[in-house]
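Here's a quick briefing to read with the model open beside you.

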Amino acid sequence: MKKVYLDNAATTQLRPEVVAEMTKVLLEDFGNPSSTHAFGRNSKNLIELSRKSIAKNLHCTAQEIIFTSCGTEANNFIIQSCIRDLKIERIITSKIEHHAVLHTIEILERQYDFKVDFVNILPTGDIDIVHLSDLLSSNQKTLVSLMHVNNEIGTVLNLDRISKICKQYHAYFHTDTVQSVGKTIINLQETPIDFLVASAHKFHGPKGIGFAFIRKGIVLNPILLGGEQEKGLRAGTESVHNIVGLANALDISYLHLVEEQKYIASLKQYCFKELINTFPEIKINGENNIEISNSDYHFSTFYNILNVILPLSEEKTAMLLFHLDIKGIAVSRGSACQSGSSKPSHVLAEFLNEADLKKPSLRISFSHYNTKDDIDYLIDTLKSI
Ligand code: PLP
């Protein structure tokens, strides 16, 4: 059966070069990095070379990178440690953050004394920057936690602008960059972000490894206690093969960034053109100013995510993902409806009206492994529903 993977915001296929590099480490470099003998020193060396390579790609220093098991852990670590160690009095976040941020804040609110303010979401799904400045103007020790690229709708936060606003108001700025690291340039020397997080499986690296960037000079304490790994900031024997795989995947992603961006953006363009030909009433979630020039669409949403509302009836909506799955197509609904629950996505619920919320929203997310054929197959299958 034909298989088409268009769910790259959920996870991505590993690059073969990364698998080869990781396999070598698994087979040959098995020493415990904390051991002082040659086997251990060799593993430690691989970790430090990986850290340096990541730092080079993000324009920061190696000591600012702390490895974690995933993006979720990195978010937990930063948010929890900020509240506990930096004595944060207030967090400003949004209701469209990933649950790795939202649920963490929700639970911490029960344990620590701090206030949570939610910045308004505009009808397009973007953050209301004027409201953010308003909130920041009250003088409290604040952590702002806002994601860069939204994993469901692909809206993009202007990191440069937000980080400078936070700096102006002396607030710490944490950004969940799980969807953007490896997919767009992030220059930490020029952009005054205090904390960011990444996860290798979103940029064609392995699952089970991520990192936190903590700006030099900010002192946090670990949430995972034990040994002295990661300068005492994250105990636990390091996953050497995963760390090497992460660094390698990131390096390759940035090496091919321009050509892959261009190619993936052309796929999104093609997909939308085909969709709108088939379903003229289609709408894009999160799109604030779609422009057309030379019959090309210019999207404000991120180049690898296309979240659309399909004008389908309710009974077709219920069967949509199931039908696509039977045909070998992997996309995401952006809602929990497929599991029998009619609870809409917490992101879409923030800005869609009741009628649109009932219609099927489909998140199609691309990678350089996709082809126009994949899109043709998706469109043909959607036509047949
Ligand atoms: N943040 C965002 C924006 C994500 O898309 C994801 C993954 O879906 C996460 C955090 C969690 O990352 P991980 O799967 O590495 O825990």
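In this predicted model, strand β8 sends G210, A212 and I214 to one side and F211 and F213 to the other, and every one of them is buried. That makes five of five residues, so β8 is mostly covered.

**Around β8**

- β8 has an antiparallel partner in β2 (residues 65-68), and four bridges hold the pairing.
- If you want a landmark on that side, T68 stands opposite G210 of β8.
- β7 also runs antiparallel to β8, this time with five bridges between them.
- Here F195 is the residue to look for, as its bridge partner in β8 is I214.

**The β5-β6 pair**

- β5 (residues 142-145) and β6 are parallel, joined by three bridges.
- Across this pair, V144 sits opposite F173 of β6.
- How enclosed is β6 (residues 172-176) by the rest of the structure? Largely, because four of its five residues are buried.

**The three-stranded sheet**

- There's an open sheet with the strand order β9-β12-β14, paired antiparallel.
- Its edges are β9 (283-284) and β14 (361-365), each of which pairs on one side only.
- β12 (residues 305-309) meets β14 through five bridges, again in the antiparallel sense.

- V18 belongs to helix α1 (residues 16-28).
- With a relative accessibility of 0%, V18 is counted as buried.
- Which residues does V18 touch, once neighbours within four places in sequence are set aside? The answer is H204, G205, P206, G245, N248, A249 and I252.
- Take H204: it is 186 residues from V18 in sequence, yet their C-alpha atoms are 8.2 Å apart.
- H201 is in the loop linking β7 (195-199) with β8 (210-214).
- H201 is buried too, at 18% relative accessible area, a value that falls under the 20% cut-off.
- Beyond residues up to four places away in sequence, H201 makes contact with A10, T11, T12, P206 and K207.
- P206 turns up in both lists: V18 touches it, and H201 does as well.

- E230 has a phi near 50°, positive although the residue isn't glycine.
- K231 is another non-glycine with a positive phi, about 50°.
- E230 is in the loop between β8 and α7 (240-255), and K231 is in the loop between β8 and α7 as well.
- Are these two buried or exposed? E230 counts as buried at 5% relative accessibility, whereas K231 counts as exposed at 57%.

**Close to the start of the chain**

- K2 is in the segment that comes before β1 (4-5).
- K2 is partly exposed, with 39% relative accessible area.
- Setting aside neighbours within four places in sequence, K2 contacts K327, G328 and Y377.
- E274 is 272 residues from K2 in sequence, and the C-alpha to C-alpha distance is 20 Å.

**The chain as a whole**

- You'll count eleven helices and 14 strands.
- The radius of gyration is 21 Å, close to the 21 Å that the globule rule gives for 385 residues, so the chain is as compact as a globular protein of that length.
- Along the principal axes, the C-alpha trace spans about 65 × 55 × 45 Å.
- Of the 385 residues, 55% are counted as buried.
- Among contacts between residues at least 6 apart in sequence, 74% link residues at least 24 apart.
- The accessible surface is about 17,100 Å², and carbon and sulfur atoms account for 53% of it.
- As for charge, there are 39 positive and 44 negative ones, and their mean positions are 2 Å apart.

Notes: Residues numbered from 1 in each chain as written. Predicted model: local features only at pLDDT ≥ 70, side-chain atom pairs only at ≥ 80, totals over all residues. Heavy atoms only, no water. Helix = DSSP H or I, 4+ residues; strand = E, 2+ residues; numbered from the N terminus. Rg over C-alpha atoms; globule rule 2.2 N^0.38 Å. Buried < 20%, exposed > 50% of the residue type's maximum accessible area, 1.4 Å probe, protein only. Contact = heavy atoms within 4.5 Å. Areas by Shrake-Rupley, 256 points an atom, 1.4 Å probe, with all protein chains shown as cover. Lys, Arg positive; Asp, Glu negative; His and termini not counted. Charge placed at Lys NZ, Arg CZ, Asp CG, Glu CD. Pairing = 2+ DSSP bridges.
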